[in-house]
Amino acid sequence: MAHFIDRRLNGKNKSAVNRQRFIRRYKQQIKQAVSDAISKRSVTDLSSGESISIPARDITEPFFHQGQGGVKQRVHPGNDQFSPGDRIPRPQGGAGGSGKGDASADGEGSDDFVFAISKDEYLDLLFEDLALPDLKHNQLDKLVQYKTVRAGYRAEGVPANIDIVRSLRGSLARRIAMSADKKQQLRQAEAELAELELAAVPDELARRALLERISELKQRLAAVPFIDSFDLRFRNYQKKPEPTSKAVMFCLMDVSGSMDQATKEMAKRFYILLYLFLSRSYKNVEVVYIRHHTQAKEVDEQEFFYSQETGGTIVSSALKLMQEIIAKRFNPQEWNIYAAQASDGDNWAEDSPLCAELLSKQILPAVRYYAYIEITPRAHQSLWEQYERLRASQPKLALQHIREVSDIYPVFRELFKKQAA
Amino acid sequence: MRSVALSKGPCLPDGPDWSFELLTQYQQEIARVAAYYQLDTYPNQIEVISAEQMLDAYSSIGMPIGYHHWSFGKKFIQSEQQYKRGYMGLAYEIVINSDPCIAYLMEENTLPMQALVMAHACYGHNSFFKNNYLFRTWTDASSIIDYLVFAKNYVSQCEEKYGIGEVEDFLDSCHALMNYGVDRYKRPQKISMAEEQRRQQEREAFLQSQVNELWRTLPAKANSNPAEAHFPAEPQENILYFIEKNAPLLKPWQRELVRIVRKISQYFYPQKQTQVMNEGWATFWHYTLLQHLYDEGRVSDRFMLEVLHSHTSVVLQPPYNSKYYSGINPYALGFAIFTDLRRICEQPTAEDREWFPQLAGSDWLESLHFAMQNFKDESFISQYLSPKVIRDFHLFAITDDSQDSSLEVSAIHNAEGYQQIRQMLSAQYNLSQLEPNIQVQQVNISSDRALTLRYTPHNKIPLGGAIEQLMRHLHRLWGFEVVLEQLDHNNQLSVLARCPTPHHP
């Protein structure tokens with residue numbers, strides 16, 4: 001009458017399609033939430049999804065039900081004090097003490113509908129208008145390091161590298177090979193001797209010859225060495241070239257009065273994209289934030305994007321600081337150094353030539369790539385012109401101009417096209 | 001009087017871990033005892049699933065197969081979210097009214113819990129599905145799975161042909177009126193999967209021509225009498241059915257979608273009307289069956305303690321002023337009524353003889369089966385809610401008249417109040433009083449084809465819900481103007497809403 005079925009191994013994502021339908025339907029709201037969330041998120045946080053909240057009233061499914069008012073009669077349990085005819089003041093915000101439920105059913109409840117989207121969904125939504133590039137084909141030119149790896153065995157080497165098991169295995173094989181036929185001859189001779197001694201009249205001459213042969217064979221057997229230099233095997237090592245997995249990304253940003261929050265958000269997206277790109281190529285990517293007005297300062301992410309500080313603009317201060325940090329902490333021999341500078345293009349005019357010089361002499365030789373993005377709807381100023389001039393001779397330098405959010409991806413793609421092998 | 005025949009036997013292992021062999025052993029024991037109590041069931045198909053799969057089952061309102069729709073995704077996300085944050089424990093089981101009766105057991109349950117769930121779902125609910133008159137009348141357990149498969153495939157086909165967005169919008173409109181897609185009096189016909197498909201093709205070709213028939217201008221208009229011009233002749237309560245058959249502009253596939261939503265709504269209609277009875281019955285039987293096994297010595301003390309622990313939390317009824325109170329617990333009320341029914345039969349008091357003369361002293365098993373078979377919540381409560389249960393629950397009735405500044409306690413658990421409380425509690429489970437009474441009143445077939453719906457308030461309770469939005473859904477389905485009017489208690493007609501909204505120049 002009954003049978004059991006084990007369904008645990010069946011797929012559990014039966015609702016995946018319905019979930020996608022939900023996300024598809026509320027894409028606008030979810031994208032809005034993702035955009036809002038980006039400001040709360042760290043540049044380097046790519047591993048987590050995002051918690052999305054949509055106003056509950058947007059997703060209610062309407063249905064006809066009884067409204068408030070009229071005459072309602074309800075039965076409740078647990079009477080501890082009432083007698084018939086008692087009058088009770090009307091409880092606030094509910095009909096007849098029946099409590100919750102009514103308010104939100106009207107769609108007036110203000111609780112948000114909160115749910116989580118996965119990391120992939122988050123990135124898809126974040127870069128939806130940007131469409132991520134095919135990262136695999138754009139392998140970056142990386143620094144090479146050598147690593148020693150095991151590579152089989154060899155017959156010569158230093159005693160420290162002797163592999164005992166391998167050597168003894170060789171010794172055993174050699175001993176078997178060198179003594180097998182002698183042992184056989186010895187057994188044969190001993191058998192003949194035994195036969196001879198059983199005979200009625202022993203042939204003394206033959207017996208002596210056999211004894212001599214036996215002792216000779218025994219001697220030769222004993223002469224086979226237990227271990228020979230021929231047996232020795234040494235572990236072999238080779239040096240293998242390997243691209244280093246260490247990378248550091250410098251984020252330079254102008255925080256002078258002319259950079260507003262919207263501009264910073266655009267820069268942040270660019271940084272996230274760059275970080276995402278680098279983290280596909282390198283195991284660990286460190287990020288250094290340098291912000292500057294007339295003075296540069298290394299700061300943490302929070303301060304980088306959200307600290308309120310204004311002043312004039314001297315870009316070279318940031319470049320100097322970056323160079324100092326490289327000298328102190330990031331040896332270009334070991335680190336793949338990337339830099340992205342975001343600015344609205346304002347700079348103190350006399351500072352720009354200095355920047356160009358700093359870049360070409362000090363920084364560009366050390367870095368793998370230097371991207372300058374100018375986020376402004378206006379015309380270029382002196383800094384851009386200086387950099388532009390520099391670019392002709394410096395393939396590592398890339399300049400791009402971003403006017404609005406949708407420019408970010410094309411710009412990004414442009415930047416990394418050059419690197420394609 | 002029935003005497004309990006105990007067949008003593010060896011004690012079964014009590015877990016806590018379960019295995020399929022143990023489940024089979026327990027299932028056989030429970031089946032044996034269930035047969036002894038004459039529980040008539042569909043064959044059981046017991047499926048062990050994981051927590052994630054349980055969440056999947058939740059979102060499709062317990063249907064094993066469902067068509068795709070964003071609202072199920074929303075439910076899934078909601079329950080997943082609540083579950084992850086620990087606001088909600090998962091149900092121990094879900095049982096589906098089908099033949100064979102499908103029951104889901106969660107793999108996380110301990111062995112005593114699995115046994116409890118099997119007794120509850122596979123013998124309690126299952127026998128209820130098979131024997132209650134509402135389920136016998138309204139649902140066809142043998143064809144529901146086939147129908148769901150058909151519905152799912154049909155909706156997918158429509159999505160391919162007409163686009164996901166189009167189908168989704170249309171289903172939204174149908175879902176909004178889901179509660180008005182139920183025939184309350186007509187018996188739906190049992191048909192097989194193949195038959196359903198054949199008929200669907202036929203309908204598709206035929207229906208469209210029939211609809212146009214409606215709008216044919218008759219040449220002999222002058223001598224038609226005004227009564228005939230009134231369409232429909234009688235007000236129609238099944239709005240979705242009316243739309244499916246009569247909406248002028250719907251395409252054949254849209255009519256089919258209306259039908260699918262309507263059918264599924266109809267399938268769930270008996271469950272909405274028998275919550276207290278169904279849960280009460282299942283709870284009564286898991287308790288009785290396992291207690292029987294315990295009396296026989298087949299299950300251990302440890303096993304029984306865990307079962308009783310779960311049982312008591314299931315039938316917990318917090319009082320009105322508790323922070324856990326959220327209405328009357330159908331498990332508690334149903335269990336109390338069935339248990340008391342048995343007591344009335346076996347050990348009647350003078351009060352019982354006065355209130356239930358036909359029950360006192362009768363065969364309890366027969367009386368219980370009769371009660372399960374022939375009632376729904378509303379009639380069950382008005383028939384069987386005894387003064388003792390009212391006293392045990394300390395029930396009291398509140399009258400809330402919005403004209404009044406305060407609420408009135410109209411009855412409590414005393415001799416004068418029993419009848420009134422019983423009546424009011426019964427009304428509280430009367431779907432026709434809970435759901436607003438909206439019916440198709442008229443279609444202007446000779447002029448602008450406007451559809452008029454009429455809301456008749458019960459106890460002067462106004463209509464709630466996002467009416468504007470609902471009118472737009474109705475308009476999408478009907479295709480022409482839709483008017484919603486209200487007939488209030490002193491026979492005054494007023495227009496509540498219309499769609500499209502009239503222009504005021």
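Modeller: Start at A:Pro89, which stands opposite B:Ser406 in strand E5 of chain B. This is a predicted model, where local features need pLDDT of at least 70, side-chain atom pairs count only at pLDDT 80 or more, and totals for chains, interfaces and linings use all residues. Residues are numbered from 1 along each chain as its sequence is written, while chains are lettered from A and ligands numbered from 1 in the order in which they are written.

Now widen the view. Strand E5 (residues 87-89) of chain A and strand E5 (residues 406-411) of chain B run antiparallel, joined by 3 bridges. Two strands pair if DSSP finds at least two bridges between them. Strands (E, at least two residues) and helices (H or I, at least four) are DSSP runs, numbered from the N terminus.

The whole contact takes in 54 residues from chain A and 75 residues from chain B. Residues are in contact if their C-beta atoms, placed from the backbone, lie within 7 Å. On the chain B side, helix H3 (residues 70-85) gives the largest share, 8 residues. That side divides into 36 nonpolar, 29 polar and 10 charged residues. Here Ala, Val, Leu, Ile, Met, Phe, Trp, Tyr, Cys and Pro are nonpolar; Asp, Glu, Lys and Arg are charged; the others, Gly among them, are polar.

Next, a sheet in chain B. Its 4 strands form an open sheet in the order E6-E7-E9-E10, with mixed pairing. Strands E6 (437-443) and E10 (493-499) of chain B stand at the edges; each has a single partner strand, so one side of each lacks a neighbour in the sheet. The twist averages 25 degrees from one strand to the next. Angles run from 0 to 180 degrees between N-to-C directions, and axes are lines fitted to C-alpha atoms, for helices over the stretch in contact.

Inside the sheet, 5 bridges join E7 (residues 451-456) and E9 (residues 482-487) of chain B, which run parallel. B:Leu451 stands opposite B:Val482 in E9 of chain B. Helix H21 (residues 467-478) of chain B packs on the sheet. This helix touches E7, E9 and E10 of chain B, and its direction makes about 70 degrees with that of E10.

B:Pro500 lies in the segment after E10 of chain B. A cis peptide bond joins B:Cys499 to B:Pro500, with omega about 0 degrees.

Technical notes
Two residues are in contact if their C-beta atoms, placed from the backbone, lie within 7 Å.
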